[in-house]
Amino acid sequence: MPGTTRFADLSDEHVAAVLARLPLRDAARARLVCKRWRALATGHVFLLRACASATASRRAAAGFFFNDPFRFRAAYFPFPLGFSDAADEDAPAAAAADLSFLLPNTSPSAASPPGGGGGIGNANVHVTSSCNGLLLVCIPPLPRRTEHYYVCNPLTREVAPIPALDLELLHGFNLAFDPATSPHYKVVAFGAWYDIHVFSSETRSWGRKPIRPWRRRLLGLRSLRAVFWNGSMVWTLGHALIRLVLGSERLTRIPMPPRIKKKRGWICAYIGESGGHLQMIGYTKEEKLTACFEILEMQSDLSKWSVLYQVDLGRVKELYPEIEWPTWDTRQLEHKVIDHLAISPVCVVRGSEEAGRQGLLIFSIPGKIMSYDMEDQRVSLIQEVMSSPGGDRGPYTLEHPWHYFYAYSPSLFTV
Amino acid sequence: MEVDKGKGEAEETRKVAEADRDTVTLKSSDGKLFEVSKEAAARLSTVLAGMIAGGSIDDNGTDLKQIGSEALENVVDYCNKHANSIPSAALISSSISFNTAPFKEPEEWERKFVDRLSHDALFDLVEAANFLGMERLLDVTCHKISEMMKGKSPDQIREVFNIKNDYTKEELEEIRQELAWAFYDD
């Protein structure tokens, strides 16, 4: 009966346990109820608990940001309904993804250009990293001189600028944030000669001495994008992965599966972190043409890779025959020699269970972002996107590789 | 049945038989007796597990002075229902650490179990579960209380749970400003 219960009798621990179970926004709003609740519903340990219970019952991500290469902007797309409970009270999916608060002089509507191809548009904002609910974003000032980097929480709209270095222009910014080990984050970036600079939010400054990798260690770097996993930054080299264990200055190779080592032409086409695990997709050119591949997952002790999912995108080839690109000399012939399959895996979202059941693969084909459900092999269209600068669907359209995409899951962590 | 046989025999046999008994008797603060599956009690409650292992279980009803009969009835009911449901690995692992292990959603029967409780019974059950070290039951009851709060305004929450607003108007306004992001669709 209303008015008769005795919340005051419950111990702090249990009140906190109750509040941590609330959807994230409700948990934050509980601070308005009384002083005791405010004290209980603040602080890193509480936020950690609240985020752990918010993600326990669903997939490891709620949606993803996509850096549209043709309009310098990051669009946000929630996963389709049914794929994630995030659409319920917990995921202010649309609002969380509105990054217009980063641009003080723009109203939210102005930040989304008209006819923006769906999603929430964030003009002049480029996401460069996403980690446990925090984003590292880049905003170019006008007139364009240097880029400005910020770490923000799109849900709470908190922003912290990352200061520039005095003498050196950095690039390849990546964010490292593991709330389970520390409330502080680090930003890792390359200097002009691929020295590695590390910024710590604890000291709010860049480390005094950059890490100078033995030059050849980073030879073959395929993308400036790194994945933060297990306390380390992981970059892709063509046929290998290299990681920097933060806190140490060591760059080490991650051992590759033995059968891949011997394969000629094998490339790493995707790495990502989901549910605390590192996933990798790789194939040779011939293997890719079949549209069947494995998603491998690394054990956290780095002992071995195991197969997490088997993916068969053969259906996508049937639905969209135009993604099979013939060689130039056979394109007019009846019997075309297929040379390339325009599919890129862009995001692996692990299921919530131990075995990763109910996982999701986001992939792109020219002009479309699609999803593949591991459970029932269902292929769905998430969003149409521009695939060439003019918006025409010519035969030579661009692909959207994995490093344009950033899985995101809301959290309450502070920047 | 084994108990009856055990009671008639010598002390030595009685002890063995007691260890074999598959229920334990619990006594509430107001003297009511409840039987609960020993296996379920030991699995779900760290306190009862300790008492069973330490041999401090009283055959004529182990005194639990801190727990009223209504709450104890619910505890026993929960244990017995739990014993009858298939114990999934998920449930057992989630009961290891209250603070860090991710919370597993209540199962259908657990939901029904807490849904039929009054507010008072629910809060009593939280206290009883806490006293007996029953992490899973704490999880389920706390989850239920949080469900009652979901989507409610601070005013509504204060009313439902009888909480006094100890903020000044200015303080309230200040926090509201900080939390503006959490109100954007209200």
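**Entry 1: a pair in chain A**

With which residue does A:Glu287 form a salt bridge? I looked this up in a predicted model, where local features need pLDDT of at least 70, side-chain atom pairs count only at pLDDT 80 or more, and totals for chains, interfaces and linings use all residues. I noted that residues are numbered from 1 along each chain as its sequence is written, that chains are lettered from A and ligands numbered from 1 in the order in which they are written, and that side-chain values use heavy atoms, with hydrogens and water left out.

I found that the partner of A:Glu287 is A:Lys263, with 2.6 Å between the closest N and O atoms; a salt bridge here is a side-chain nitrogen of Lys or Arg within 4 Å of a carboxyl oxygen of Asp or Glu. The pair links distant parts of the chain, 24 residues apart, since A:Glu287 lies in helix H8 (residues 285-289) of chain A and A:Lys263 in the loop between helix H7 (258-261) and strand E15 (267-274) of chain A. Helices (H or I, at least four residues) and strands (E, at least two) are DSSP runs, numbered from the N terminus.

I then checked accessibility, where buried means under 20% relative accessible area, exposed over 50%, and partly exposed in between (1.4 Å probe, protein chains only). A:Glu287 is partly exposed at 26%, and A:Lys263 is partly exposed at 33%.

B:Glu39 forms a salt bridge with B:Arg43, their closest N and O atoms being 2.7 Å apart. Both residues lie in helix H3 (residues 38-44) of chain B, four residues apart, about one turn of the helix. I wrote beside this that an α-helix has 3.6 residues a turn, so residues three or four places apart point the same way.

B:Glu147 forms a salt bridge with B:Arg111, with 3.7 Å between the closest N and O atoms. This pair links distant parts of the chain, 36 residues apart, with B:Glu147 in helix H9 (residues 135-149) of chain B and B:Arg111 in helix H7 (residues 108-115) of chain B. B:Glu147 is partly exposed at a relative accessible area of 31%, and B:Arg111 is partly exposed at 25%.

I also found B:Asp77, B:Lys81 and B:Arg116 linked in a network of salt bridges.
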